[in-house]
Amino acid sequence: MRQGLGAKLGIGWRLHGDGSTPRPGEAVAPDERLSWGRTIGLGAQHVVAMFGATFVFPVLMGLDPNLAIMISGVATILFLLIVQGKIPSYLGSSASFVGVVTVIRAGGGDSSTVTGALLVLALVLSAVGLLIHFVGAQLVHRMLPPAVSGAVVMLIGFNLAPVVASTYWPQDQWIALLTMLVVLGCSTLLRGFWSRIAVFIGLVFGYVLSWLFDLGFGPITAPNASGEVSTHPRVDLSAVADAPWFGLPTLHGPTFDLAAVIVVLPVVIALIAENAGHVKAVEEMTGAKLDGSMGRAIFADGFASTLSTAVGGPPTTTYAENIGVMAATRVYSTAAYWVAAFVAILFGLCPKFGVVIAATPGGVLGGITVVLYGMIGLLGAKIWVENKVDFGNPVNLLPLAAGLVMGIGGVSLKITPQFSLNGIALGTIVTLVGYHVLRLLVPKQHDQSAV
């Protein structure tokens, strides 16, 4: 009975081989694990991958980052339980809401107004997930065939490129370049387990190198994460001594404002596509058929976001950054995500550790993310190639071309003086609506455009 329950919840793992290092070309399946020592190392790498975004996005939304870190661990555990361990994913703070939250705050809304509006959207996303679960993933496939889902995956990765170019890389271009080279070198030149934790090695290398540069060359004059140019050390640990070892994050309840709800609701379209795209990306990497878990994944994201916003946290989403880590390591074990989730909860309850991780130099993050975000984008191209998407067909070519340029380039469409669509949301809508409208207008190519 206990083993059966564990299997249903996806919390039982078979040892992969001898638990050391997979043979070349092999992958560690979601229901497998390496030795616990190696699994903990991989879990740490997932923490590193998610931490920057999970910490930064709530800061940009004016919410408590320590609460966001803790909630991300709880949300990941809930997600893994709901999808029964079939979809290895990490749930962190969503970037999709930064723009609309800015609009709400500009209109006089406070944090409770923001989380109230986001809670309503999370409930809508949960309801959509339940609908997909009972109706079937065919609903998503009709909406998001390979041509469109590949474009959404590509958008998810390449839309993050400006974050590297404008936020991380300029903070210290030489550290970023050297970190990137270490990640590339470790991934390709090292063998076995060490090649699979190349991102973590790159982080440690960049962190130490930044500290040595501070000792040898002094502070750097460069932009910080907010884009303000100042002279500052690359590694600033001054806040570590003052931070307590243990502390509960700040909680607050939501309030509901119809105008704020209307502002955020259009984002649900992008979230459905984003979640489906992440599931497709994981499906492509693992080779497992995940149609039956699509509704569960979308519901789990909505449910986790509902719990988070109910206590004052940001909404969550499955993280492209961690999908990039899996693409680099070919270790899809959900055990590593459980480790990452528990570490995140501990970080959320320990401000001192949070300060240390948050002090990771921007240049180091630039060197790491430039690799990971590109790998995510290319997973979209992999979906196109393996499904033989015909780009000689204008029904495929034209809306995808327009949506990709809009999404990756950051084109903005102003709907009202207070509300605009941009980034992933706009690119997804243009791709999705344009594709289906053209299919209706060009019926002779109906069958061709479905591939």
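**A helix and its surroundings**

Reply: Just after α18, K388 takes a positive phi of about 50°. Before going on, please note that this is a predicted model, in which local features need pLDDT of at least 70 and side-chain atom pairs count only at pLDDT 80 or more, while totals for chains, interfaces and linings use all residues. Residues are numbered from 1 along each chain as its sequence is written, and side-chain values use heavy atoms, leaving out hydrogens and water.

Me: Where is K388, and is it buried or exposed?
Reply: K388 sits in the loop between α18 and α19 (394–409), and K388 is exposed, with a relative accessible area of 67% (buried means under 20%, exposed over 50% and partly exposed in between, using a 1.4 Å probe and protein chains only).

Me: OK, how many residues does α18 have, and what does it reach from end to end?
Reply: Helix α18 covers residues 362–386, which is 25 residues, and spans 36 Å from its first C-alpha to its last, close to the 36 Å expected at 1.5 Å a residue (the expected span is 1.5 Å times one less than the number of residues). Helices here are DSSP runs of H or I with at least four residues, strands are runs of E with at least two, and both are numbered from the N terminus.

Me: Where does α18 bend?
Reply: The bend is at T369 and amounts to about 30°, taken as the angle between axes fitted to the seven residues ending there and the seven starting there.

Me: And how many of its residues are buried?
Reply: In α18, 18 of the 25 residues are buried, so the helix is mostly covered.

Me: How do α11 and α18 cross?
Reply: The axes of α11 (residues 198–217) and α18 come within 9 Å and cross at roughly 155°, with axes being lines fitted to C-alpha atoms over the stretch in contact and angles running from 0 to 180 degrees between N-to-C directions. That makes α11 roughly antiparallel to α18 (under 35 degrees counts as roughly parallel, over 145 as roughly antiparallel, 65 to 115 as roughly perpendicular and the rest as oblique). The contact, meaning heavy atoms within 4.5 Å, involves V199, G202, L203, G206, Y207 and S210 of α11 and V364, I368 and L372 of α18.

Me: Switching topic, what is P233 in contact with?
Reply: Leaving aside neighbours within four places in sequence, P233 is in contact with D214 and P219, and P233 lies in the loop between β5 (229–232) and α12 (258–264).
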